[in-house]
Amino acid sequence: LIEEKLRLAFPGIILEKARNLFEASCLLPKNQWDLVILDSLLPDGQGVGLLEKLSKSHPFTAVAVLTEGAEHEMIGKNHHGLVKCLKKEKKSLDLFVSHIKKLMSANKEIHRLLQEEGVSSLAFRDPLTHIYSRAYFEEHLRREVFSANRYGHEFSLLIVDVDGFSKINNRQGSQ
């Protein structure tokens, strides 16, 4: 059913399917993926285990993780691309496709930013400190606000300005 809905929503889409982690591991290096949909439970292990491999070879690929229950907060925390947990329900396939469309749209925006900056995965990190850039912060903040609004969660943001931080850098050295 998911495949049928995706083909209707994205005419001309090229879908590759894997029935288990082994097949998915073999497919992963063969292409530059726009989106990877992972089932959280596969016959030979947990689908989210593939996320680590994906993060190394395709750090900005959007990922939808199909889960049996509630959203898992920690899934994809080390992946640079968009990661969305979606509950598996036949009755909400249209909602699923809507989420996939939003993921794809946001993924295109991230890739546009990467292209503009003229570098690959380093676009969202400072080359000296390896700290995430403002572009990454703004994109991540937008996703978190959207998620909090969607699920009715409270959202808090704390911004700390450290006075005299240059003295600390001079004393400790920037590493």
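**Figure 1. Strand β4 and its two parallel neighbours.** Five bridges join β4 to strand β5 (residues 83-87), and the two run parallel. Here T67 stands opposite K87 of β5. Strand β1 (residues 35-39) also pairs with β4 in the parallel sense, again over five bridges. In that pairing, L66 of β4 is the bridge partner of D39. Strands pair if DSSP finds at least two bridges between them. Strands (E, at least two residues) and helices (H or I, at least four) are DSSP runs, numbered from the N terminus. This is a predicted model: local features need pLDDT of at least 70, side-chain atom pairs count only at pLDDT 80 or more, and totals for chains, interfaces and linings use all residues. Residues are numbered from 1 along each chain as its sequence is written, and side-chain values use heavy atoms, with hydrogens and water left out.

**Figure 2. Both faces of β4.** Six of the six residues of β4 (residues 62-67) are buried, so the strand is largely enclosed by the rest of the structure. A62, A64 and L66 point one way. V63, V65 and T67 point the other way. Buried means under 20% relative accessible area, exposed over 50%, and partly exposed in between (1.4 Å probe, protein chains only).

**Figure 3. Salt bridges around E3.** A salt bridge puts a side-chain nitrogen of Lys or Arg within 4 Å of a carboxyl oxygen of Asp or Glu. The structure holds four. R7 bonds to E3 in one of them, with the closest N and O atoms 3.1 Å apart. R7 and E3 are four residues apart in helix α1 (residues 2-9), so about one helical turn separates them. E3 also forms a salt bridge with K17, at 2.9 Å between the closest N and O atoms. E3 lies in α1 and K17 in the loop between α1 and α2 (21-27), so this pair ties together parts 14 residues apart in sequence. K17 is exposed at 61% relative accessible area, whereas E3 is partly exposed at 28%.

**Figure 4. The E23 and R19 salt bridge.** These two side chains meet at 2.9 Å, N to O. E23 is partly exposed, at 23% relative accessibility. R19 is exposed, at 64%.

Figure 5. The 18 residues of α5 (residues 134-151) should span 26 Å, and the end C-alpha atoms are 26 Å apart, which agrees. The expected span is 1.5 Å times one less than the number of residues. A135, Y136, E139, R143, S147 and A148 are buried in this helix. Just after α5, G152 takes a positive phi of about 70 degrees.
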